[in-house]
Amino acid sequence: MSRECCRLLPRVFATLLDPRLSGSDDTCLEKLLDCFQFPAMNDLSLKLLQDNPCLTEFLTSVLALPEPSPRILSFTLRLAGILAGSENQFQLLLQEKLLDRLFGQEGLPNSTAWGDATVRSGWVKGVHHMVCHQPALHFLCSTGGIDVIFTLQEDPSLFVASAAHQLLVNMLIFSIEIAAPNPFSTKDLDWPECAQMIIKHIEDSLQSSSASHIKQSLKLLTALFERHNTGWPEVLWLGMAKQIESLLMEKTPEAQPMLVDLLSNMARSPVFYDAEGNFQGLVSSVLEHLTPVQAGPLAVAVLKCCRSPQDVKIKALTVVLQPMDCILRAASQPLEYTGLLDESVSDPTTVESLLSSKSSCVSLLCQTLSHLENLLFQNHLEMYLPYTSLLHSVVTILQFCNGFLTPASPLGSTISRILISSSRVQRSALDVLGKLSEIKACETLTGSVFDVLLAYLESPNTISTVLTKTFQATSMWLLCLQNQSGSNSQQIEKILKAVFLVLQKRLCSPWWEVRDSSLEFLAHLTEHLRDKEEFRKSLLSSEVPRLTENLLEDPESYVRASAVTAVGHLAICNYFAPESPVAGNQHNKENTVAKLEEILSTDPEGFPRRAVISTFTEWLRRGYIGPLEDAEKFVSRVIQTVEHDLDWEVRLGGLKLVKTFFEIFFKKPKADISEPSTIHQDECVQAFCRAKLFSFLFQSLCDCDKPVGQSACHLLLGFRSWLYPFHTLEASQRTGDAPARPSIAWLQSTLRQGSLAQNFPTDGVDFQDPKTMVLALDTINFEELNSELSNSSDYVVKSPLSLIQDILATVGTIEENEVDCY
């Protein structure tokens, strides 16, 4: 800490002890603690306390107060913990008897101030800072501090309880790791003192009759096995496996969720499959004894681990599939469909009971579908998952939800009544349905899938959120159908015709959310299928393009933005369609470009304008704009509109358009634009000058929004690297254009002002003169500008001295200024 900081510390502490500050702002106290944790303060030493007696005097003064403010007391505990994090300073504070009074069991934890959660929270945080060395751990164990932490695990304040729990985890790990890096390989262990106390606490809690104690211990073990899964955790498990197994046998309902979390974390680590504590047997037992709702997360963890034994893996998969199996059986006549499973892990009546209950049916199916979505593309599970039956079951659920299926069993009728219009289940099922489109084994049910998807698209009862999911699933299945080898073209045309008929209705919906999701669906399809003849034919023969263009004037800005994107993709699709007449394309192209340029210059909302600039960039990249001469005029016209836009994302989009023009100009891949080329250098500089792009780029360097300035700087650096592939900072010495130097100096000084250069003037430099621009690129230090733009706004002022001065300015004038300086 600097001398100036140390000089101000007594004033700061005197201010904090002022009784008028009992309600002082917490932010100031946090900032003061930041001073002691500042990067420059990481090397705290004994000298800090010796040279600044005000630190120990402050700690002593706070403890001497008859009724200290809880905030000041909490701050004091945290400050003492930070100081004691250095072993030398810890010893000095110990000699002064301050640590006993602050962190010993008979100190603050035994005072009336302890009743305030703020004080208890400060105590835990202080201990957390302090336990960075072995003496601190020994101090806590010998003075009863660790027993205080055990008690705080069940603190009424959730914040305190959570912090105490995390502190115990850190202490156990730290105590073992500093004792020996690779400590144990046998059952006869010699745990460090701190570890012994924590482990005994866990074992005693597991054997207690208190459900809360059991849950806390399981939670502690879960966090340990989550963070460390090799070496000593395996040995720790060997000592507790039987106790945990007995909890399962006793069927303690309160502990079951935590037990599943614990085993799930362990199942993700291969090391426990080699342990001697019968981990596999315990997992199998849990899968058998708990319901699918309870055992589901454990089953997924087992299935995701490649080293899971086959018998355990099959049991886990059965747990996940049981609800889907029950759905199939409930929907069909007896013996008509056998379901997914030959046998069940748990009693089938349990699953039937859950699906028959309104309170549990929806949650069970949503959980099951979520698990399946996570497991679908696990390579080591391909041979186990019955994809066709699974798809049949998902389609059946969707039919239940919309009343498209007449159940043949009493159970099916019950499930159908519960699931009618359940949007939660519909969304989950549609997510899985979309993913299953990528599975080849599911191709045989394509007709059934599109039947249910089209029914959802057409139904007036399909709410907007479900409709969006339906569009997504339909898009995935259409893409897979088009890419299937030997697909039936008549079937594809029939499906596409039905899809576009529905889309025409949805584009005219009175609900803007429906119009918006319909346009997003259209844009996605057009982007990926415009090269397919059946798709283009069906699209261009429908009313969809006309309706989409009409939505460019929609009253809702989100819809206008989506319409712009869709029109952009439709324009490319139409323009490059081989069967369309060129003259007609050119006419449509001019009209489309004009409409989007009008939106860019006149739309009052930012979303449509951002969509336009993104569409223009895509058009330029794909050659829709035409020859290079046309592209130059187009880019110039667009940029002169963009440079005055108040939306920084539109201006950033303009820079991306310039970058694309730069790449297209040289017909080079993006990764190679900085390579030297002697063919088009002069032409490029001249084109940039004619299009007035340099003016936009240099103005963007001074943009008040940092991403715009950074992007412009990167662009100019890349451009200069192409002009001068071996450029150095001394390159300006070889440039002899003296008349231009005053204007370049003016430009450079303006750029150094950055965003402070308000209303960037353009009369100081001729941005349309190629020689001046070449000189500017060769002279200006863009590396320095880039470094300044990369710095965060607080890198200059965020220092211990600055923070302390701000604190004094804020808390030192209570009557005049009660507002936080931050």
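Helices here are DSSP runs of H or I at least four residues long, and strands are E runs of at least two. On that basis the protein chain has 41 helices and 0 strands. The model is predicted. Its pLDDT averages 83 over the protein chain, and 81% of the residues score at least 70.

**Confidence**
- Residues 793–797 have a pLDDT below 50. Beyond near neighbours in sequence, this stretch has 2 contacts in the model.
- Residues 813–822 also stay under 50 in pLDDT. For them the model has 16 contacts beyond four places in sequence.

- The protein chain has 822 residues, and 53% of them are buried.
- Take the contacts between residues at least 6 apart in sequence: 72% of these join residues at least 24 apart.

**Helix α20 (residues 358–375)**
- α20 has 18 residues, which at 1.5 Å a residue should span 26 Å. The end C-alpha atoms of α20 are 27 Å apart, which agrees.
- The buried residues of α20 include Ser-360, Cys-361, Val-362, Leu-364, Leu-365 and Cys-366. Thr-368, Leu-369, His-371, Leu-372 and Leu-375 of α20 are buried too.
- These buried residues pack against α17 (292–304), α18 (310–331) and α19 (348–356), among others. The partners of α20 also include α21 (387–402), α22 (410–419) and α23 (423–436).

**Helix pair α18 and α19**
- α18 and α19 pack at an angle of about 75°, with their axes 10 Å apart.
- Angles of 65 to 115 degrees count as roughly perpendicular, so α18 and α19 are roughly perpendicular to each other.
- On the α18 side, the contact is made by Gln-322, Pro-323, Cys-326 and Ile-327. On the α19 side, it is made by Pro-348, Val-351, Glu-352 and Leu-355.
- By class, the contact of α18 with α19 has 6 nonpolar, 1 polar and 1 charged residues.

**Helix α23 (residues 423–436)**
- At 1.5 Å a residue, the 14 residues of α23 should span 20 Å. The end C-alpha atoms of α23 are 20 Å apart, which agrees.
- Buried in α23 are Val-425, Gln-426, Ser-428, Ala-429 and Leu-430, along with Val-432, Leu-433, Gly-434 and Leu-436.
- The cover over these buried residues includes α20, α21 and α22. It also includes α24 (446–458) and α25 (464–483).

**Positive phi outside glycine**
- Ser-421 is not a glycine, yet its phi is positive, at about 60°. Ser-421 sits in the loop between α22 and α23. Its relative accessibility is 53%, so Ser-421 counts as exposed.
- Lys-692 is not a glycine either, and has a positive phi of about 60°. Lys-692 lies in the loop between α35 (681–690) and α36 (693–701). At 35% relative accessibility, Lys-692 counts as partly exposed.

**Leu-17**
- Leu-17 is in the loop between α1 (3–16) and α2 (26–37). Its relative accessible area is 27%, so Leu-17 is partly exposed.
- Not counting residues up to four places away in sequence, Leu-17 touches Phe-58, Ser-61, Val-62 and Leu-65.
- Leu-17 and Pro-68 are 51 residues apart in sequence. In space they are 8.9 Å apart, C-alpha to C-alpha.

Terms used
Residues are numbered from 1 along each chain as its sequence is written. This is a predicted model: local features need pLDDT of at least 70, side-chain atom pairs count only at pLDDT 80 or more; totals for chains, interfaces and linings use all residues. Side-chain values use heavy atoms; hydrogens and water are left out. The expected span of a helix is 1.5 Å times one less than its number of residues. Buried means under 20% relative accessible area, exposed over 50%, partly exposed in between (1.4 Å probe, protein chains only). Contact means heavy atoms within 4.5 Å. Axes are lines fitted to C-alpha atoms, for helices over the stretch in contact, and angles run from 0 to 180 degrees between N-to-C directions. Angles under 35 degrees count as roughly parallel, over 145 as roughly antiparallel, 65 to 115 as roughly perpendicular and the rest as oblique. Ala, Val, Leu, Ile, Met, Phe, Trp, Tyr, Cys and Pro count as nonpolar, Asp, Glu, Lys and Arg as charged, and the others, Gly among them, as polar. pLDDT is the predictor's confidence in each residue, from 0 to 100.
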